[in-house]
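Thanks for coming, everyone. Let me put the structure up, and then I'll walk you through some places in it.

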Amino acid sequence: MTILSNLEREYAVKKLPELSERMKAVAGMVSKGSRIADIGCDHGYVSIYLYNSGISQRCIAADVKEGPLRAAKKNIGLFGASDGVEARLSDGLKSISRGEFDCILISGMGGGLITEILAYDKEKTASAKELILEPQSDADKVRKYLYGNGFSISKEILVTERGKYYPVIKAVHSTVRKCLSEEEYVYGPCLIKEKTELFVKYLNKEQKRIESVISKLEVSDSKNADERLCCLRKELRSIKKIWKDMKE
């Protein structure tokens with residue numbers, strides 16, 4: 001148990017930790033009354049925020065590393081959240097049982113790792129009513145997992161932080177088997193449909209980045225240039241198709 005000074009307790013009881021805009025977006029996706037399995041909780045701020053703000057009735061703040069978990073335990077006490085937030089050492093969902101949660105929250109990881117965590121025990125993952133996922137990369141892998149394993153995306157937003165763009169995905173169970181187009185897997189069906197100003201900026205940035213790399217590879221003598229060019233030209237065609245569909 002972490003020992004806190006009286007001053008620390010007086011200052012922090014039932015206060016809310018300050019979250020970045022990205023993490024506020026993640027927390028904002030959670031349905032009220034949910035019990036959370038916060039995987040890769042780091043310092044526990046999101047779990048504390050969800051509990052102290054009354055959004056979640058219970059949170060398990062889980063991390064595979066001892067260091068972040070020690071920090072999470074201290075913060076749980078510091079912010080007066082010990083009644084509803086438990087810090088637990090866990091590799092993904094391995095040390096969390098079915099029935100302890102109805103929402104799985106994973107943020108700040110690559111899409112490949114998120115998919116591995118969800119796929120390790122598919123029955124346990126399927127026991128959740130909703131998944132809140134914020135992949136830092138390879139979001140297409142996350143979307144393909146969801147639509148291949150009985151989930152569909154009910155909501156997705158894009159947030160920007162320090163010049164980078166991050167999708168925040170909310171997925172729920174679906175009885176309808178559906179395959180997305182390649183463009184939807186890569187860029188998100190909700191984002192393409194809603195055409196927000198931020199998504200348009202992101203698409204413009206991606207197109208310029210891809211065109212820049214293509215122009216450099218076209219004059220390169222690298223043996224891998226042709227294969228890379230093929231992939232990039234495919235990505236560029238996808239973006240141009242989205243632009244076309246958005247205008248129609």
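**Cysteines, cores and pockets**

Let's start with cysteine 179, which counts as exposed at 71% relative accessibility; exposed means over 50% relative accessible area, buried means under 20%, and partly exposed is in between, with a 1.4 Å probe and protein chains only. A word on what you're looking at: this is a predicted model, where local features need pLDDT of at least 70 and side-chain atom pairs count only at pLDDT 80 or more, while totals for chains, interfaces and linings use all residues. Residues are numbered from 1 along each chain as its sequence is written, and side-chain values use heavy atoms, with hydrogens and water left out.

Cysteine 230 is in no disulfide either, with the nearest cysteine sulfur, in cysteine 231, 5.7 Å away. Cysteine 230 is also exposed, at 52% relative accessible area. Search the whole structure and you find 0 disulfides, a disulfide being a pair of cysteine sulfur atoms within 2.5 Å.

Now, inside. In soluble globular proteins, nonpolar side chains tend to be buried together. Here, the largest nonpolar core has 29 residues, and Ile36, Leu50, Val85, Leu105 and Ile132 have the most contacts inside it. By a core I mean a set of buried Ala, Val, Leu, Ile, Met, Phe, Trp, Tyr and Cys residues joined through side-chain atoms within 4.5 Å. Another core, of 27 residues, lies apart from that one, and includes Ala62, Ile114, Ile153 and Tyr185.

What does valine 85 touch? Leaving out residues up to four places away in sequence, valine 85 touches Ser47, Ile48, Tyr51, Cys59, Ala61 and Ile76, where contact means heavy atoms within 4.5 Å.

Next, a look at helix H10, where glutamine 207 sits. Helices here are DSSP runs (H or I, at least four residues), as are strands (E, at least two), all numbered from the N terminus. Is glutamine 207 buried or exposed? Glutamine 207 is buried, at 16% relative accessible area. Again leaving out residues up to four places away, glutamine 207 touches Leu236, Ile239, Lys240 and Trp243.

On to the open spaces. The largest pocket has a volume of about 730 Å³. Of its 26 lining residues, Asp138, Val186, Tyr202, Glu206 and Arg209 are the closest to the centre. On a 1 Å grid over the protein atoms alone, a pocket is an open set of points with protein on both sides within 12 Å along at least five of seven lines, a cavity is a set where a 1.4 Å probe fits but cannot get out, and lining residues have an atom within 4 Å of a point. Points join across faces, edges and corners, and the volume is the space filled by probe spheres set on them.

H10 turns up again here: helix H7, strand S7, helix H8, helix H10 and helix H11 each supply at least two residues of that lining.

The second largest pocket holds about 640 Å³ of space. Of the 35 residues that line the second largest pocket, Ile39, Gly40, Cys41, Ser107 and Met109 are the closest to its centre.

Last stop: there is 1 cavity of 30 Å³ or more. The largest cavity has a volume of about 40 Å³, and Tyr147, Gly150, Phe151, Ser174, Val176 and Arg177 line it. Two of those names take us to H7: Tyr147 is one of its buried residues, and glycine 150, with a positive phi near 85°, follows the helix.
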